Amino acid sequence: MIGRRDAARVLGWLTTLPYRRPGRRVALGPGLLGNGRLRISGPGRVELGGDVNAWSHAEVNRLVTTRKEAVIRIGARTRMNGCTLIAAGRIEVGADCVLGSCEVRDHDDVSVQGAADGDFAPPKPTIIEDGAWIGGQVVIAPGVRIGRNAVIGIHAAVFEDVPPDVIAAGNPARVLRRLDADPDSDRAERG
C-alpha cells in the first residue's frame with residue numbers, strides 16, 4: 001500500500017499537511033494543492049492559507065521575497081495559475097482570489113531619481129482584497145490596492161487603486177463598470 005505523500009510524489013502533485021513552526025520562513029496551511037509548479041524563494045516569510053490551489057497549467061507560480069523582513073500572505077482558498085509575486089516589504093492576497101499569470105510587486109527595481117546609485121524607493125504594501133480576480137498578463141504596480149471582488153482584465157497595467165466590485169482593464173487600467181450594473185444600460189449611457 002502506497003502512502004499519501006508517496007502517491008503525491010509519484011503523480012507530481014504537491015500536497016501538504018499543516019506546516020507551521022515558529023521561526024520558519026514558510027507557513028503552509030492545510031490542503032495545499034499543486035502540481036510541482038510552486039517556487040518559494042528569498043529570505044523573507046511566505047504564508048499560505050488553507051486550501052490554496054497552486055495547480056498551474058503552464059507557468060510556474062513564483063513567490064519571491066527580496067529582504068528578510070519581507071512578507072507575502074496568500075489567503076485561504078485562493079487560486080494561483082502562473083502568478084509572480086515579488087516582495088521587499090509586504091504583499092497580501094485575500095481569501096477566495098484568483099490570480100492568473102500576473103506580476104505583483106511592492107517595490108520598483110529602478111533607483112530613485114537623483115539618488116546615489118543603488119538607492120531604491122522604499123517598498124509600498126500591495127494589497128489584493130478578498131474575492132478579487134486578476135487576469136493573465138496583468139502587471140500590478142507597487143502600493144496598489146485592488147478592492148474586494150474586483151475583476152482585472154487580461155493585459156491590464158494597474159498603477160492606481162481599484163475600488164471594490166468593479167471590472168477594470170486597459171493600460172493604464174481604468175474602471176469599465178460596476179459589477180452590479182446592467183451592461184446594456186452602461187452602453188446606453190455612453191451613447
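How many bridges join strand β11 (residues 90–93) to β14, and in which sense do the two strands run? There are 3 bridges, and the strands run parallel. The legends below place this pair in its setting.

**Figure 1. Overview of the predicted protein chain.** This is a predicted model, in which local features need pLDDT of at least 70 and side-chain atom pairs count only at pLDDT 80 or more, whereas totals for chains, interfaces and linings use all residues. Residues are numbered from 1 along each chain as its sequence is written, and side-chain values use heavy atoms, with hydrogens and water left out. The average pLDDT (the predictor's confidence in each residue, from 0 to 100) of the protein chain is 85, and 76% of the residues score at least 70. The secondary structure consists of 2 helices and 21 strands; helices (H or I, at least four residues) and strands (E, at least two) are DSSP runs, numbered from the N terminus. Of the 191 residues, 41% count as buried, where buried means under 20% relative accessible area, exposed over 50%, and partly exposed in between (1.4 Å probe, protein chains only). The accessible surface comes to about 10,500 Å², with 53% belonging to carbon and sulfur atoms; these areas come from the Shrake-Rupley method with a 1.4 Å probe, and for residues only the protein chains shown count as cover.

**Figure 2. The segment of residues 7–22.** Over residues 7–22, pLDDT stays under 50. For this segment the model has 35 contacts beyond four places in sequence, a contact being heavy atoms within 4.5 Å. Where pLDDT is low, the predicted coordinates should not be read in detail.

**Figure 3. The open sheet that contains β11 and β14.** Six strands are arranged in the order β2-β5-β8-β11-β14-β17, with parallel pairing; two strands pair if DSSP finds at least two bridges between them. Strands β2 (26–28) and β17 (145–146) stand at the edges with a single partner strand each, so one side of each is left without a neighbour in the sheet.

Figure 4. I74 is found in strand β8 (residues 71–74) and is buried, with a relative accessible area of 3%. Beyond its neighbours within four places in sequence, I74 contacts E47, L48, G49, V52, M80, L85 and V93. The C-alpha atoms of I74 and L28 are separated by 9.7 Å, although these residues are 46 apart along the chain. T126 lies in strand β14 (residues 126–128) and counts as buried at 0% relative accessibility. Outside four places in sequence, the contacts of T126 include R90, I91 and E92, as well as V104 and I140.

**Figure 5. A second open sheet.** The order of its 6 strands is β4-β7-β10-β13-β16-β19, and the pairing is parallel. The edge strands, β4 (38–41) and β19 (157–158), each pair on one side only. Strand β16 (residues 139–140) pairs with β19 in the parallel sense over 2 bridges, and V139 stands opposite A157.

Figure 6. R77, in the loop between β8 and β9 (79–80), has phi near 60 degrees, a positive value in a residue other than glycine. R77 is partly exposed at 46% relative accessibility. D96, in the loop between β11 and β12 (98–99), likewise has phi near 60 degrees; its relative accessible area is 37%, which makes D96 partly exposed. The peptide bond from N171 to P172 is cis, with omega near 0 degrees, and P172 belongs to the loop between β20 (166–170) and β21 (173–178).

**Figure 7. Salt bridges.** A salt bridge is a side-chain nitrogen of Lys or Arg within 4 Å of a carboxyl oxygen of Asp or Glu, and by this rule the count comes to 10. The side chains of R67 and E69 meet at 2.9 Å, N to O; R67 is partly exposed at 33%, whereas E69 is exposed at 51%. The closest N and O atoms of R148 and D130 are 3.3 Å apart. R148 lies in the loop between β17 and β18 (151–152) and D130 in the loop between β14 and β15 (133–134), so the pair ties together parts that are 18 residues apart in sequence. Salt bridges that share partners join R45, E47, R73, R90 and E92 into one network.
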